[in-house]
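The chain and its coordinates come first.

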Amino acid sequence: MPPVIGIDLGTTNSLVAVMRDGEPVVVADERGRKLVPSVISVGERDVMLVGDLARHRMVAAHDRTVFSVKRFMGRSIEDVREELALLPFAVTGEESGPVRIRLFDRDYTPPELSAFILRELKRRAEAFLGGEVKQAVITVPAYFNDAQRQATKAAGFIAGLQVLRIVNEPTAAALAYGLSNRDSGVVAVFDFGGGTFDISILRIEDGVFHVLSTNGDTHLGGDDIDQALMRRLLSRVEEGFRSDPEVLQALREEAEAAKRRLSEEEETAFLASVPGKIDLRLPLTRAELEEIMRPIVDRTREPCERALADAGLRREEIDEVLLVGGSTRIPMVRRLVREVLGREPRAEIDPDEVVAKGAAVQGDILAGGTTDLLLLDVTPLSLGIEGFGGVMNVLIPRNSTIPASVTESYTTAVDGQTAVVIHVLQGEREIAAENRSLARFQLPVDPMPAGLPRIEVEFLIDADGILNVTARDLRTGKGQTVEVVPSHGLTEEEILAMVEEGIEHGEEDMARRFLVEARTELDIVLNAARKAVAQAREAGLAEERIEKYGQQIAWLAEEREGDDHARMRLALKLFNEQTRDVAAAIMERTVKMALAGRKLEEA
């Protein structure tokens, strides 16, 4: 069979992995970078930039750049209203429709934006494998509901991929570890990423991975820690600039960077600057950050306890705990894991890479390569229909092994009723109105006295966790089957239109993309080089060297205005080679000056 790639479509970063010689390998780009920042930006000529090039534009082009798209997948405007004030881009949407994100002068849906990230991952895998890739396994948080899974599958289709399986992220992580550890045991997978949190309990025995329970929060992650730190520091910003998109983005970038530094260090400096608006230079300790993040990290406790209870286990019965997601690098998070789950967690596989590797293993299983592993996943939330009196009648309880099929019989409540409304719900509340509505459709029935019609409703949930519902009148044989499409999801027509648009403009878009990417790379280098000139003068570098450096910068700026992307990349390579010694000298002198300044302060 053709290769089936494994994709971790993440909130902060995304990755793609493939099987090579029986082992999963995360694919890097030509510069050795494995992580693709989940950032999309509209560049020159309306070309969509993805990854590092887009991330570099998050402050300067905040109205053209979007991040953390995963937090909006399958959600309505009401689901995300609370965090809109801290976003530098516009998010809109009708109550009954999907969220829409405005970039520059056009609205995009989250699946459409996610498809740009998936196309980049697909391109990277094809370059590595040396051939076309058409099939993929994509991972999602275990607690993603039907709407969010549908949106993820739609994104894959728009990107030109046949999504063979949607796999829960914690289960994928267990598969990655399971390659070298197939002994019997109970494993807890603690998955704390940029935007979501999951805890899954699995029993592994003779190559069979059986998920016993799962719990979590699809709106809890490292982004929330960044936002909490931002809110604390906004009080230091002049009131007139507190809602300025450029200021918000600068605070967000430094909040994330400071959080990462404090995972390794006890103290750091918070440095955020936007000329004419803010210039924050504040000391920040790990203890201060932990005080800010404590309410967020503590929100992971209850899902862990629920998952243990649903699995019918005590924490003493957990044999191993696996860490997944970049936020598990935070020392406070690791302390909580040890406290709640009673085990020293394992993290020998990079927490950022483990999910993509597990997805590649599942892809290999589906392609027939790996035959001694079997994955039995579960549905994270109960599925049912609205019954008499507005209550929720559960047909498939949460943590049921999937795929699953359940049939229930119902009747009418009113004499002469000519139709029955089937209202499909997902959630854990007893009252229908308190759960998420997935679909509503009518089944015609012949008019009879109440209680005589016999209506059979079948729920079939597939291995992706996506639901099909069939309702039929057993007396007449009339029936109706629907693949549940949530009210705020994309229609099949919308998805097909996006695919056709991509095919129609494919070659033209690719040529424009190569040119814009080359120009953007040159812009990043030129901006850094121009700043380095000022640093060189401060550091006392010889004026002759500074002047020659300036001439090389001017030459590269001229090359940037051309239309030949290959020539631009060659120019960039030559510039880097010719200025390496100057850059090293500037760096050396700047470091010496900084060290001298610190010694002076200490004295």
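## Packing of helix 8 and helix 10

Helix 8 and helix 10 cross in a right-handed sense (the near helix is turned clockwise from the far one by less than a right angle). The model is predicted: local features need pLDDT of at least 70 and side-chain atom pairs pLDDT 80 or more, while totals for chains, interfaces and linings use all residues. Residues are numbered from 1 along each chain as its sequence is written, and side-chain values use heavy atoms, without hydrogens and water.

Helix 8 contributes Arg-286, Glu-290, Met-293, Arg-294, Val-297 and Asp-298 to the contact, and helix 10 contributes Pro-331, Met-332, Val-333, Arg-335 and Leu-336 (contact: heavy atoms within 4.5 Å). Six of these residues are nonpolar, five are charged and none is polar.

## The largest pocket

The largest pocket holds about 1,500 Å³ of space (a pocket is an open set of points on a 1 Å grid where a 1.4 Å probe fits, with protein on both sides within 12 Å along at least five of seven lines; lining residues have an atom within 4 Å of a point). Its lining has 50 residues, and Arg-55, His-56, Met-58, Val-59 and Glu-253 lie nearest the centre.

Helix 7 gives the largest share of this lining, nine residues. By class, the lining comprises 21 nonpolar, 11 polar and 18 charged residues.

Conventions
Helices (H or I, at least four residues) and strands (E, at least two) are DSSP runs, numbered from the N terminus. Ala, Val, Leu, Ile, Met, Phe, Trp, Tyr, Cys and Pro count as nonpolar, Asp, Glu, Lys and Arg as charged, and the others, Gly among them, as polar. Grid points are joined across faces, edges and corners, and a volume is the space filled by probe spheres set on the points.
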